[in-house]
Amino acid sequence: EVLILQTVDKLEIQTATQVLVNLRAAGVNPVDTYIRAGTYGCLPQLPYTPGTDGAGIVVAVGEAVRRVQVGDRVYGGWPLTGTYAPLTLYEEDWVYPLPPEISLEQGAGIFIPYSTAHRALFDQAQARAGETVLIHGATGAVGLAAVQLAVEAGLRVMGTGSTEAGRALVKAQGAEVVVNHHDPDGPAQILAATEDRGVDII
C-alpha cells in the first residue's frame, strides 16, 4: 500500500567504478520491509527505489571496472539505486559474477541471506571446524545459508524450525540434529545430542 509505480530517468554510469545492471530478478528481504515501514536504522531520502538484492546482466561499466564486463551475469547487494527496477547502479565492489549453474532468480536471493550468515558465523562468532553451532530458525533464508556455510566449514550443525517440512529441509542441507523450536523439550534434545556439554555457538 506504500509502493507507487513510476517512470524515472534512465540510469547511466556516473563514475569510473560503477556498474549498470539490467535486473532480471529482485530479492525481497525483511530489511526491505523494515525500510518501507520506517523502522530501519538507516532510512533513504524519499522518494526512492526500494530493493537490496538483485541479479541480472551487466549493460555498462565505468572505465576503472575490472572484475566484471558487459554481458556478464551478476548478483549484487547494497546498490546505489534500488533493485525494484529494470536498471540498477552498483559500485563494482558490490557486484559479483553469477556461476552458470545458478539461475538469475536464485542469484537474487544470495546477497542478504549469505552475507548475513557469513558475518554472523565467521566475523562475529569466529566459528571454526569441529565446533558445534545451533542455528535457531534454520528454515529461513539466513538460517538455511548459515546451515550450508557451517556444514561446508566443517562445523557440527544443529538447527530449529517450526514446521515438519522446514525441519526436513534443514536436515537435507546437512544439519545433524533438527528440533521443533516450539517443543518445550527442544533444549533438552539439543543438550542430549551434545552429551550435556552444550553448543559452542548459537
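Q: What classes of residue make up the lining of the second largest pocket?
A: Its lining has 10 nonpolar, five polar and one charged residues. Nonpolar covers Ala, Val, Leu, Ile, Met, Phe, Trp, Tyr, Cys and Pro, charged covers Asp, Glu, Lys and Arg, and the others, Gly among them, are polar. The model is predicted, with pLDDT of at least 70 needed for local features and 80 or more for side-chain atom pairs, while totals for chains, interfaces and linings use all residues. Residues are numbered from 1 along each chain as its sequence is written, and side-chain values use heavy atoms, without hydrogens and water.

Q: How much space is in the second largest pocket, and which residues are closest to its centre?
A: The second largest pocket holds about 270 Å³, the volume being the space filled by probe spheres on grid points joined across faces, edges and corners. Of its 16 lining residues, Ile35, Pro44, Tyr48, Trp78 and Pro79 are closest to the centre. A pocket is an open set of points on a 1 Å grid over the protein atoms alone where a 1.4 Å probe fits, with protein on both sides within 12 Å along at least five of seven lines; lining residues have an atom within 4 Å of a point.

Q: And the largest pocket, what is its volume?
A: The largest pocket has a volume of about 850 Å³. It is lined by 26 residues, and Ile4, Gln6, Tyr48, Thr49 and Pro50 lie nearest its centre. By class, the lining divides into 17 nonpolar, six polar and three charged residues.

Q: Turning to the backbone, is the Leu46 to Pro47 peptide bond cis or trans?
A: That bond is cis, with omega near -5°. Pro47 sits in the loop between helix 1 (30-37) and strand 2 (54-61). Helices (H or I, at least four residues) and strands (E, at least two) are DSSP runs, numbered from the N terminus.

Q: What about Glu195, buried or exposed?
A: Glu195 is exposed, with a relative accessible area of 71%. Glu195 also has a positive phi of about 55° without being a glycine, and lies in the segment after helix 6 (186-193).

Technical notes. Buried means under 20% relative accessible area, exposed over 50%, partly exposed in between (1.4 Å probe, protein chains only).
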